[in-house]
Amino acid sequence: MLFRLILRNLSPHKGVLLCIVLLQLLSTVATLYLPTLNADIIDDGVVKGDTSVIYALGGWMLLIALGQVICSITATYLSAKLAMTVGRQIRDALFIRVESFSAREVGTFGAPSLITRTTNDVQQIQMLTLMSFTMMVMAPIMCVGGIVLALQQDVPLSGLLLVILPVLVIVIGLIVRKLVPLFRRAQKQLDAINGVLREQIMGVSVIRAFDRRDYEAKRFDVANRDLTGTQLGAGRLLSLMFPVIMATVSVATVGVLWFGGMRIDSGGMQIGALTAFLSYIMQILMAVMFALFMFMMIPRAAVSAERIQTVLDTESSVVDAPSAISRADLGGEIEFKEVQFSYPGAEEPVVSGLNFKAQPGTTTAIIGSTGSGKTTLLNLIPRLLDRTGGSIQVGGVESHQLSLQTLRGSIGLVPQKAYLFSGTIASNLRFGKPDASEQEIWTALQIAQAADFVRELPAGLNAPVEQGGGNFSGGQRQRLCIARAIIAQPRIYLFDDSFSALDFATDARLRAALAPVTKESTVLVVAQRANTILHADNILVLDQGRLVGQGTHEELMRSCATYQEIVNSQLTSEDQEHVA
């Protein structure tokens with residue numbers, strides 16, 4: 001999986017890859033050839049006192065060394081550039097895939113895990129790709145070439161390799177084998193610590209309000225210690241590698257000098273050949289060290305590749321039908337027929353048996369206790385979630401037969417959590433209509449009762465918006481989100497508890513201004529406050545995911561016990577008489 005992922009992203013760059021391999025090959029061959037030239041200088045120049053040989057071969061050594069440096073630098077530069085490109089492509093693929101996910105898939109993975117996979121996991125793949133081009137290409141060539149040239153210098157002395165290399169490979173192999181589960185555990189614990197940290201940052205005001213800083217500090221400390229313990233375990237194993245390698249190199253050096261000296265003393269070997277042989281032994285061991293360094297990275301990168309591939313292989317549960325219908329004149333009529341939705345593996349559906357119709361020019365309100373399925377019902381219409389049973393028709397067409405662009409392009413959604421994107425007020429409102437003029441923006445702000453506070457800002461429409469709209473109050477964010485939906489002039493308006501942060505006076509003015517704009521559209525409103533929906537054309541009452549009543553306020557007060565309980569808990573008898 002790891003190498004398939006890397007090769008798939010390398011395939012468009014075959015020319016650069018071939019150039020890197022060629023440069024690494026030239027650099028490695030030059031490195032292997034230098035000890036031979038050095039041996040010739042010692043044997044034919046230094047020992048015999050022939051300075052012409054020293055100058056001639058020395059000149060060649062300088063030229064080859066210069067060429068080796070140029071090839072190595074160029075190959076490293078291209079390798080780094082290509083590795084960064086691979087990382088960018090994988091991040092792009094992950095981003096596009098996650099953007100296509102419905103709320104179900106995002107909930108399955110979790111936001112912290114998706115962030116970690118897009119950043120830390122991709123970085124592991126990126127580093128492995130870079131090391132592969134700078135080390136993995138060079139290591140086998142240097143190892144095989146070093147063995148061949150070492151044999152060429154002295155066959156009996158090369159017998160030391162039969163002892164050194166197997167010991168080194170076996171010891172390092174055992175260490176790498178134990179590293180794999182530790183790396184896998186570390187990535188999961190990194191997800192966990194990101195999740196805790198994300199919760200604490202987003203909920204910092206709640207933590208302070210309830211004075212739970214000590215508790216949250218302990219919770220973070222537990223996650224932090226788990227990750228630290230796993231990484232220390234991996235670090236201890238990794239710390240064994242370099243002493244083993246250095247001990248092997250030292251023993252090999254002593255062995256070569258010991259037995260090489262005996263060979264020179266007996267006349268079976270020249271001094272230059274011993275220096276060359278020693279260089280080749282070092283190159284062989286360095287090649288093995290490079291390979292083992294790669295093997296240290298492969299287990300962690302393999303875990304990261306598995307996590308990345310899981311995301312890339314996950315298809316969104318909300319996709320266009322093969323023959324999806326695209327229409328510019330989609331009507332606003334909405335009809336639910338025995339609609340049901342269940343999360344995978346859930347014992348009970350979130351909503352079930354929903355039957356109602358919403359016509360253009362009418363307002364349909366949805367009310368119920370917390371967790372009764374109000375937001376889920378609303379999210380089924382633009383297919384942010386896909387129904388698991390029944391039928392939903394929009395404009396007289398089954399919603400699954402409509403293209404997502406057509407369906408969502410006819411809907412203006414104001415979500416329960418008023419969220420703004422970093423940028424400016426104008427850029428946020430243009431989410432609803434990218435080509436909106438300033439006049440259209442001001443009109444939408446006026447309807448949403450947001451024009452006054454926007455005018456007071458020094459930069460007006462160009463006033464900066466922090467991530468999430470953190471530099472605005474809850475009521476200001478809600479009004480800006482309402483303006484964002486209004487500016488699109490959709491056929492269907494979905495308000496998910498979008499007036500909860502407004503005072504009664506602002507709420508009343510906004511609804512009055514909104515009425516002329518939505519008079520030909522279908523409006524669905526999720527509400528917590530009964531007094532804001534008393535005059536709705538149709539009120540849906542949900543209880544534990546089921547529709548237990550629908551009708552006008554007067555009809556429900558006579559026929560629906562659940563609605564009566566909600567109204568009686570929120571309105572005094574005088575308020576109810578005034579409404580009546």
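In the chain, the mean positions of the 47 positive and 48 negative charges lie 4 Å apart. The model is a predicted one, and its chain exposes about 28700 Å², of which carbon and sulfur atoms supply 60%. Buried residues account for 48% of the 580 residues in the chain.

The chain contains 20 helices and twelve strands. Its radius of gyration is 35 Å, well over the 25 Å that the globule rule gives for 580 residues, so the chain is more spread out than a compact globule. Taken along the principal axes, the box filled by the C-alpha atoms is roughly 120 × 50 × 45 Å. Among contacts between residues at least 6 apart in sequence, 77% join residues that are at least 24 apart.

The largest nonpolar core comprises 71 residues, and the members that touch the most others within this core are Ile90, Ile125, Leu285 and Ile308. Two or more residues are contributed to this core by each of helices H1 (2-10), H2 (14-46), H3 (51-100), H5 (111-136), H6 (138-153), H7 (161-202), H9 (213-265) and H10 (271-313), with H10 providing the largest share, 22 residues. When residues up to four places away in sequence are not counted, Ile308 touches Leu5, Ile90, Leu94, Arg117, Asp121, Val122 and Ile125. Apart from this core lies another, of 35 residues, which includes Ala418, Leu445, Phe472 and Ile486.

Note on methods:
Residues numbered from 1 in each chain as written. Predicted model: local features only at pLDDT ≥ 70, side-chain atom pairs only at ≥ 80, totals over all residues. Heavy atoms only, no water. Core = buried A, V, L, I, M, F, W, Y, C linked by side-chain atoms within 4.5 Å. Buried < 20%, exposed > 50% of the residue type's maximum accessible area, 1.4 Å probe, protein only. Helix = DSSP H or I, 4+ residues; strand = E, 2+ residues; numbered from the N terminus. Contact = heavy atoms within 4.5 Å. Rg over C-alpha atoms; globule rule 2.2 N^0.38 Å. Areas by Shrake-Rupley, 256 points an atom, 1.4 Å probe, with all protein chains shown as cover. Lys, Arg positive; Asp, Glu negative; His and termini not counted. Charge placed at Lys NZ, Arg CZ, Asp CG, Glu CD.
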